[in-house]
Amino acid sequence: MDYYYYEKQFDLGNGEKFALTNVDSCFLLCATVTGNEDLYYERLDEDSKATYASCDPDMTAQANKMMAWIEDTLKAQAEDPSVVWKASNMHHPMYGAHYNDNTNIIDHFLPLAEKYGLDAYFNGHEHLLNYAYIPKGESHNHTYDPNSRLEEEDDTCHHNAEFFPEDGPEKDSRFISWNQGDALHQMTIGASGQFTYNLCDSHMQSTAGHFKYIQNKRNGFAIVHATSEKFTVEIKGIDYHHILPIWQPFQ
């Protein structure tokens, strides 16, 4: 097991397993730098720019080693009939509601995730509790405005807010159900810290992610439960000393 990235498989009984691939997304930034370094750098938020600055040749070589390991690991999971659910876990999201979309992850990791049938993508980085989905076959869509900032001077930004961008029935039920394989599900569970990030209209409208739920009202966490038949994620919000069931993205 490599300290920066590793696989963990959970026994579900009856010889079936849930495979979790833990990835160092800071390495992923270094692994996917191409010939457009200047443009690439401008796509990053400030924290990721600091990571990029540390992408010396040795780190980039380690990162490319990790990318090869990711494909080998996901391929082995896809070919193992005992693995009934597959998910990844890393720091950075693919699609952002506060920051720009992480185009490098979308361009390089997402195609592997789709190729080998990943079910869920867990991330932090944004201090929010969000749910987005990527329909099957839609692997390379992203948006990027090189002139955008986190908060435009004339932008409308929100705190203590909750959004259902697609305004579907989940707005009332706070629940959604999918058939396995119809989509890859991104869960941003980054609101366990001291404060949540502002949500600005310009970024929520410009992301290429299909968001069904975005909120910065509460800190919180997620509970994951897997059986051979179901993979369930429930987001819990913390309101002072109470734990509130605020959103169940899919089952």
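This is a predicted model: local features need pLDDT of at least 70, side-chain atom pairs count only at pLDDT 80 or more; totals for chains, interfaces and linings use all residues.
The protein has 251 residues, and 47% of them count as buried. Its secondary structure consists of 8 helices and 13 strands. Contacts reach across the sequence: of those between residues at least 6 apart, 75% join residues at least 24 apart. The accessible surface is about 12,200 Å². Carbon and sulfur atoms account for 48% of that area.

Helix H4 covers residues 57-79, 23 residues in total. Its first and last C-alpha atoms lie 33 Å apart, close to the 33 Å expected at 1.5 Å a residue. The buried residues of H4 are Met59, Ala63, Met66, Met67, Ile70, Thr73, Leu74 and Gln77. An α-helix has 3.6 residues a turn, so residues three or four places apart point the same way.

The largest nonpolar core contains 35 residues. Ile70, Met94, Tyr95, Phe109, Leu110 and Leu184 make the most contacts inside it. At least two core residues each come from helix H1 (25-31), H4, helix H5 (103-108), helix H6 (110-115), strand E5 (129-135) and strand E10 (210-215). H4 gives the largest share, 6 residues. A second core is separate and has 17 residues, among them Leu20, Ala120, Ile176 and Ala183. In soluble globular proteins, nonpolar side chains tend to be buried together.

Phe109 belongs to the largest core. Beyond its neighbours within four places in sequence, Phe109 contacts Val23, Leu28, Ile70, Ser88, Met90, Asn104, Leu118 and Tyr121.

Notes: Residues are numbered from 1 along each chain as its sequence is written. Side-chain values use heavy atoms; hydrogens and water are left out. Helices (H or I, at least four residues) and strands (E, at least two) are DSSP runs, numbered from the N terminus. Buried means under 20% relative accessible area, exposed over 50%, partly exposed in between (1.4 Å probe, protein chains only). Contact means heavy atoms within 4.5 Å. Accessible areas come from the Shrake-Rupley method with a 1.4 Å probe; for residues, only the protein chains shown count as cover. The expected span of a helix is 1.5 Å times one less than its number of residues. A nonpolar core is a set of buried Ala, Val, Leu, Ile, Met, Phe, Trp, Tyr and Cys residues joined through side-chain atoms within 4.5 Å.
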